Amino acid sequence: MSTATFVLAATSSEVLDVIAAFAGGLFIAGALVWAVQFGMRVQDRELPRPLSEEQPHLPETGPIREIREMREPDEMPAPVQGQERLMPHELHHSGSRRGKDQQRKRWLPGSSGGFGSGGLGHV
């Protein structure tokens, strides 16, 4: 084979590579255009956005504030000998109740943080 044959073979593969890249780019661009058109059609079928009059408003008394309270667990009653056990539907609605002590628990200066926090621990 001569050098001219190799040059011709090399240039023909480069041309094919360029044509393949151009066709791939056209395919991707066409897919993006189709996706945008599809999204616009789906958006046109959706319900319209609510008007400002339909939006929720603050109550006349003003904004509702957060209530902080300390809660205590509602203990399970001890089973009595010879009595049926309690089923979940027989328990209270809430698993906790308002605590008697509403003072917030504070960090003790001599105690460490969590396990492995690097503190000295209880001294």
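Reply: The lining of the largest pocket divides into six nonpolar residues, one polar residue and two charged residues. This is a predicted model, in which local features need pLDDT of at least 70 and side-chain atom pairs count only at pLDDT 80 or more, while totals for chains, interfaces and linings use all residues. Residues are numbered from 1 along each chain as its sequence is written, and side-chain values use heavy atoms, with hydrogens and water left out.

Me: Which residues line the largest pocket, and what is its volume?
Reply: Met76, Pro77, Ala78, Pro79, Val80, Gln83, Glu84, Arg85 and Leu86 line the largest pocket, which has a volume of about 150 Å³. A pocket is an open set of points on a 1 Å grid where a 1.4 Å probe fits, with protein on both sides within 12 Å along at least five of seven lines, and lining residues have an atom within 4 Å of a point.

Me: Why does Leu16 count as exposed?
Reply: Leu16 has 57% relative accessibility and therefore counts as exposed, since the label requires over 50%, with buried meaning under 20% and partly exposed lying in between. Leu16 is found in helix 1, residues 3-45, and together with Val15 and Ile19 it forms a nonpolar patch on the surface with about 300 Å² of accessible area. Such a patch takes residues with over 30% relative accessible area and no salt bridge, nonpolar side chains being joined within 5 Å.

Me: What makes the contact between Arg68 and Glu66 a salt bridge?
Reply: The side chains of Arg68 and Glu66 meet at 3.2 Å, N to O, and a salt bridge needs a side-chain nitrogen of Lys or Arg within 4 Å of a carboxyl oxygen of Asp or Glu, so the label applies. Arg68 counts as exposed at 67% relative accessibility, and Glu66 counts as exposed at 64%. The count by this rule comes to four salt bridges.

Me: How do you know that Glu69, Arg71 and Arg98 form one network?
Reply: Arg71 and Glu69 meet in a salt bridge at 2.8 Å, N to O, and Glu69 and Arg98 meet in another at 2.9 Å. Salt bridges that share partners join Glu69, Arg71 and Arg98 into one network.

Note on methods
Grid points are joined across faces, edges and corners, and a volume is the space filled by probe spheres set on the points. Ala, Val, Leu, Ile, Met, Phe, Trp, Tyr, Cys and Pro count as nonpolar, Asp, Glu, Lys and Arg as charged, and the others, Gly among them, as polar. Patches are made of residues with over 30% relative accessible area and no salt bridge: like charges are joined within 9 Å, nonpolar side chains (Val, Leu, Ile, Met, Phe, Trp, Tyr) within 5 Å. Accessible areas come from the Shrake-Rupley method with a 1.4 Å probe; for residues, only the protein chains shown count as cover. Helices (H or I, at least four residues) and strands (E, at least two) are DSSP runs, numbered from the N terminus. Buried means under 20% relative accessible area, exposed over 50%, partly exposed in between (1.4 Å probe, protein chains only).
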